[in-house]
Amino acid sequence: MGEKVEVFGAWFSPFSRRVELALKLKDIEYDYIEEEVYKKKSDLLLKFNPVYKKVPVFVHAGKPIAESIVILQYIEETWKDNPILPQHPYHKALALFWANFLNDKVLPVLIKARRSREGKEREEAGEALRTLEEQLKGKKFFGGETLGFVDIVANFIAYWSPAMEEALDVQILTTELQKLPRLTQWCHHFLQHPIVKQTLPPKTQLLAFFKSQFGTNNLPSK
Ligand SMILES: N[C@@H](CCC(=O)N[C@@H](CS)C(=O)NCC(=O)O)C(=O)O
């Protein structure tokens, strides 16, 4: 497949890094274009993702696709080598179910709990994380022995959310993880993966960015 592959991303974005991780796992060469999403979005980004105006945007042979999970599915269907999803339709559907659970449930409840710092939101986050803990019974990664689609989507649990908590001096995920040995082990395996390591932004830079962007002065009062 000789057509041009481009990723419009942001260095700090876990969503952009999901796409880069999938491409690296499949050994696909791509051009990376850094977007200043919180300063000035480029005309090209607005043209390619007029609905959400967010990164990542994946452009294959000039054709844009937005939303990291949709992009990952496209990559998987286009480049069949080194699959990241199971082949069987049922197992594939389950992987997509858990990927969506991570994006639509776990991520929002962690953000909500971090903002409110109240018991109810904390409990909701704990419950979502315990559900993930159950999924890891007898497994190294969500997909089994090798890192796959669900692990890629879960990247924020291992790196970005703990960094955000450190930057903002909140302990939601960090506290829950102490009670969740499988998820803690999963974080460890994920972070130790040689290709994952290539996609993690430098910690000090990330902490400084989170502090400046989302620090106390920028948080809603409740
Ligand atoms: N659901 C999207 C989320 C993408 C997203 O939130 N991107 C952020 C950067 S981490 C962004 O571009 N924000 C710019 C904005 O909100 O205007 C995905 O999975 O790709």
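1. Helices here are DSSP runs of H or I with at least four residues, numbered from the N terminus. On that basis, Leu72 belongs to helix α3. The model is a predicted one. Leu72 is buried, because its relative accessibility is 0% and the cut-off for buried is under 20%.

2. What does Leu72 touch beyond its neighbours within four places in sequence? The contacts are Arg18, Val19, Ala22, Ile84, Phe149, Ile152 and Val153. Take Ile84 from that list. Leu72 and Ile84 are twelve residues apart in sequence, and their C-alpha atoms are 8.9 Å apart in space.

3. Now the ligand site. The shell consists of Ser13, Phe15, Arg18, Val37, Tyr38, Lys41, Lys54, Val55, Pro56, Glu67, Ser68 and Asn103. By class, five of these residues are nonpolar, three polar and four charged. Arg18 is in this shell, and Arg18 is also a contact of Leu72.

4. Which ligand atoms pair with which residues? An oxygen atom of the ligand sits 2.5 Å from an N or O atom in the Lys41 side chain. A ligand nitrogen lies 2.8 Å from a polar backbone atom of Val55. A nitrogen atom of the ligand is also 2.8 Å from an N or O atom in the side chain of Glu67. How much of the ligand does the protein bury? The ligand alone exposes 520 Å², and 82% of that is buried by the protein.

5. Check the peptide bond between Val55 and Pro56. Is it cis or trans? It is cis, with omega at about 5°. Pro56 is in the loop between α2 and β3 (57-60). Both Val55 and Pro56 are listed in the ligand shell, and Val55 supplies the polar backbone atom noted above.

6. Aromatic pairs next. The whole structure contains 17 of them. One is Phe12 with Tyr38, a stacked pair at 5.7 Å centre to centre and 20° between the planes. Phe12 is in the loop between β1 (5-9) and α1 (14-25), while Tyr38 is in the loop between β2 (31-34) and α2 (43-48), so the pair ties together parts that are 26 residues apart in sequence. Phe12 is buried, with a relative accessible area of 10%.

7. Another stacked pair is Trp186 with Phe190, at 5.1 Å centre to centre and 25° between the planes. Both residues lie in helix α9 (residues 181-192). They are four residues apart, about one turn of the helix. Are they buried or exposed? Trp186 is buried at 0% relative accessible area, and Phe190 is buried at 1%.

8. Two non-glycine residues with positive phi deserve a look. Asn82 has phi of about 45°. Asn82 is in the loop between α3 (68-78) and α4 (89-116). Asn82 is partly exposed, with a relative accessible area of 44%. Asp169 has phi near 55°. Asp169 lies in the loop between α7 and α8 (173-177). At 55% relative accessibility, Asp169 counts as exposed, because the cut-off for exposed is over 50%.

9. Pro162 is located within helix α7 (residues 155-168). At 22% relative accessibility, Pro162 is partly exposed. Its contacts, leaving out residues up to four places away in sequence, are Phe156, Ile157 and Leu173.

10. Last, Thr199. Where does it lie? Thr199 is in the loop between α10 (194-197) and α11 (203-214). Thr199 is buried, at 3% relative accessible area. Setting aside residues up to four places away in sequence, Thr199 touches Arg17, Glu20, Leu21, Lys24 and Trp160.

Conventions
Residues are numbered from 1 along each chain as its sequence is written. This is a predicted model: local features need pLDDT of at least 70, side-chain atom pairs count only at pLDDT 80 or more; totals for chains, interfaces and linings use all residues. Side-chain values use heavy atoms; hydrogens and water are left out. Buried means under 20% relative accessible area, exposed over 50%, partly exposed in between (1.4 Å probe, protein chains only). Contact means heavy atoms within 4.5 Å. Rings of Phe, Tyr and Trp (its six-membered ring) pair if their centres lie within 6.5 Å; planes under 30 degrees apart count as stacked, over 60 as edge-to-face and the rest as tilted. A residue is near a molecule or strand if one of its heavy atoms lies within 4 Å of it. A polar contact is a pair of N or O atoms within 3.5 Å; within protein, one must be able to donate a hydrogen and the other to accept it, and residues adjacent in sequence count only if both atoms are side-chain atoms. Accessible areas come from the Shrake-Rupley method with a 1.4 Å probe; for residues, only the protein chains shown count as cover. Ala, Val, Leu, Ile, Met, Phe, Trp, Tyr, Cys and Pro count as nonpolar, Asp, Glu, Lys and Arg as charged, and the others, Gly among them, as polar.
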